[in-house]
Amino acid sequence: MAYTFKIQRFNPDKDKRAHYEEYKVELEQTDRVLDGLNEIKWRQDGTLTYRRSCAHGVCGSDAMRINGRNRLACKVLIKDLPEKITIEPMLGFTVIKDLVVDLEPFFEKYRSIVPYLVNDDPPGETERLQSPEDRAKYDDGTKCILCAACTTSCPPFWANKEFVGPAAIVNAHRFIFDTRDQGADERLAVLNTRNGVWRCRTVFNCTDACPRDIEITRAIEDVKRTLLYGKQ
Ligand code: SF4
Ligand code: F3S
Ligand code: FES
C-alpha cells in the first residue's frame, strides 16, 4: 500500500530554515515507520538523516514526532497510521540535521542527578541484599532507555530549557528509592529547586509519550512527596 511521508528537512550547510519534503513509499501493514524511513534513505534520498540502531525499541535512538506525537519510529506500526504520515524532530532541542537533535543538554541534566549507585561502605562477603518488595519500589524507572521522548513533550520544558525534565527525575527516582544507595540527599538537593521537580505542572504528556510505559508523572509525584514529607 502507498504511503506519503512528509518529513521535516534541514541541512545546516545550505538551508536557512527547515522545510518539508514528501516521499511516496510502498509498505506492508506490518512494517514500522522506521522501515519507511529506511526505504526512503536507501532507495530514494540518501541525504535523509535520522538516528536509529537496534530497530527493536531498546536503544532509544529513534524518538521523533510522528503525526505530532513523540514516538519511537521502530515501534509504530504503519497499520496504525493514516496514509499521510508527518515526521518531525523532537521539540525543544537544536536540530543538527533533519530529524537529529542535539541531545547534549538532555544528557547534561541526566548526569546532574548522579545516575549511578552511590555506596561508600566496603564490599561485604556477599551481594548487597534487597527484598523483592524494596526492589519493586524503583522497578519502573529501570526500564528507561533515555530516548528523551518525555522531556521533549513537556510544555514547562519547552518554556524553560533549564527545567531538569522528566527523564532526569525518573532516573533520580530509580536510585533515590534503592535501599542500597546512599546518594539520595545529593539528588534531592538538585531536584528541590525552581528548575527541579517544582517546575513540573503535572501535564502528563511525558507519561503519554514514554515508549516503555513508565509511570513518569507518578515518579515525579513520589519525589515531590519525599521532599515535602521525607521518605515513606
Ligand atoms: Fe524515554 Fe520513558 Fe526514559 Fe523518558 S522515561 S527517556 S520517555 S524511556
Ligand atoms: Fe511535564 Fe510530565 Fe510534569 S509533561 S509538567 S514533566 S507531568
Ligand atoms: Fe533503537 Fe528504535 S532504533 S529504539
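**Ligand sites, sheet and backbone of a predicted model**

Ligand 1 sits in the largest cavity. The structure is a predicted model, in which local features need pLDDT of at least 70 and side-chain atom pairs count only at pLDDT 80 or more, while totals for chains, interfaces and linings use all residues. Residues are numbered from 1 along each chain as its sequence is written, chains are lettered from A and ligands numbered from 1 in the order in which they are written, and side-chain values use heavy atoms, with hydrogens and water left out. A cavity is a set of points, on a 1 Å grid over the protein atoms alone, where a 1.4 Å probe fits but cannot get out. A molecule is said to sit in a cavity if more than half of its atoms lie within 2 Å of the cavity's grid points.

The shell around ligand 1 holds 13 residues, of which C144, C147, A148, C150 and C210 are the closest; a residue is near a molecule if one of its heavy atoms lies within 4 Å of it. By class, this shell comprises 12 nonpolar residues, 1 charged residue and no polar residue. In this classification Ala, Val, Leu, Ile, Met, Phe, Trp, Tyr, Cys and Pro count as nonpolar, Asp, Glu, Lys and Arg as charged, and the others, Gly among them, as polar.

Ligand 2 sits in the second largest cavity. Its surroundings include C154, P156, P166, C200, R201 and C206. The shell around ligand 2 divides into 8 nonpolar, 3 polar and 1 charged residues. Two helices, α7 (205-209) and α8 (216-229), each supply at least two residues of this shell.

The protein chain contains 8 helices and 7 strands, taken as DSSP runs numbered from the N terminus (helices: H or I, at least four residues; strands: E, at least two). The C-alpha trace spans about 60 × 35 × 30 Å along its principal axes. Of the 232 residues in the protein chain, 48% are buried; buried means under 20% relative accessible area, exposed over 50%, and partly exposed in between (1.4 Å probe, protein chains only).

An open sheet with mixed pairing is formed by 5 strands in the order β2-β1-β5-β3-β4, two strands being paired if DSSP finds at least two bridges between them. Because β2 (19-26) and β4 stand at the edges, each with a single partner strand, one side of each is left without a neighbour in the sheet. Strand β3 (residues 63-66) pairs in the antiparallel sense with β4 (residues 69-72) over 4 bridges, and I66 has R69 of β4 as its bridge partner. These two strands form a hairpin with 2 residues between them, and N67 in the turn has a positive phi of about 45°. On β3, A63 and R65 point one way and M64 and I66 the other, and all are buried. Strand β3 also pairs in the antiparallel sense with β5 (residues 84-88) over 2 bridges, where R65 is partnered by E88.

Most residues other than glycine have a negative phi. D98, in the loop between β6 (95-97) and β7 (100-101), has a positive phi near 45°. This residue is buried, with a relative accessible area of 2%. F204, which is not a glycine, has a positive phi of about 75° and is found in the loop between α6 (184-191) and α7. F204 is partly exposed, with a relative accessible area of 47%, and belongs to the residues that surround ligand 2.

Conventions
On a 1 Å grid over the protein atoms alone, a cavity is a set of points where a 1.4 Å probe fits but cannot get out, and a pocket is an open set with protein on both sides within 12 Å along at least five of seven lines; lining residues have an atom within 4 Å of a point.
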